[in-house]
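Please open the model in your viewer and keep the sequence panel beside it.

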Amino acid sequence: MAGSTNSNSSSPSRTTWTREEDVLFEDAFALYHNQDPSTRWENVVRHMGGSKTVEEVIHHYQLLVEDVNNIEAGRIALPAYGDGDTAEALGGGGGLGYNLSYFFFH
């Protein structure tokens, strides 16, 4: 799996993401979200050090879009973080200082 951007035998829905990989994904997506999709996902994978495939990254993005839609529709509550802050108080980006929904929908 590491270093590969091609399909592999594990299903994207079964892969586990570490907090570090989540942060790398968020940083990469912030950098490359305006790129043409034909190059965006390869660049995200490269930025993440090749720890995930293109298929895994796209699947992760789709799950995050679904989560953002559910949060914005009021179907699920904003997550509370360890120190009691909420994503809203942290700018909506899990403490990254930017609102991820901006990148997903703009």
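**A tour of the helices**

Colour the protein chain by secondary structure, and you will see four helices and zero strands, where helices (H or I, at least four residues) and strands (E, at least two) are DSSP runs, numbered from the N terminus. Read along the sequence, the pattern is α-α-α-α. This is a predicted model, in which local features need pLDDT of at least 70 and side-chain atom pairs count only at pLDDT 80 or more, while totals for chains, interfaces and linings use all residues. Residues are numbered from 1 along each chain as its sequence is written, and side-chain values use heavy atoms, with hydrogens and water left out.

Next, select helix H3, residues 54-72, which has 19 residues and reaches 27 Å from its first C-alpha to its last, close to the 27 Å expected at 1.5 Å a residue; the expected span is 1.5 Å times one less than the number of residues. Its buried residues include Val57, His60, Tyr61 and Leu64, buried meaning under 20% relative accessible area (1.4 Å probe, protein chains only), with exposed over 50% and partly exposed in between. Just after H3, look at Gly74, which takes a positive phi of about 80 degrees.

Now show H1 together with H3. These two helices pack at an angle of about 85 degrees, with their axes 12 Å apart; the axes are lines fitted to C-alpha atoms, for helices over the stretch in contact, and angles run from 0 to 180 degrees between N-to-C directions. H1 and H3 are therefore roughly perpendicular to each other (65 to 115 degrees, whereas under 35 is roughly parallel, over 145 roughly antiparallel and the rest oblique). Select Asp22, Phe25 and Phe29 in H1, which meet Val57, His60, Tyr61 and Leu64 in H3, contact meaning heavy atoms within 4.5 Å.

Finally, show the aromatic side chains, among which there are five aromatic pairs; rings of Phe, Tyr and Trp (its six-membered ring) pair if their centres lie within 6.5 Å, and planes under 30 degrees apart count as stacked, over 60 as edge-to-face and the rest as tilted. The rings of Phe25 and Phe29 have centres 5.9 Å apart and planes at 20 degrees, so this pair is stacked. For Trp41 and Tyr61 the centres are 5.1 Å apart and the planes at 55 degrees, so that pair is tilted. Trp41 lies in helix H2 (residues 37-47) and Tyr61 in helix H3, 20 residues apart, so the pair links distant parts of the chain.
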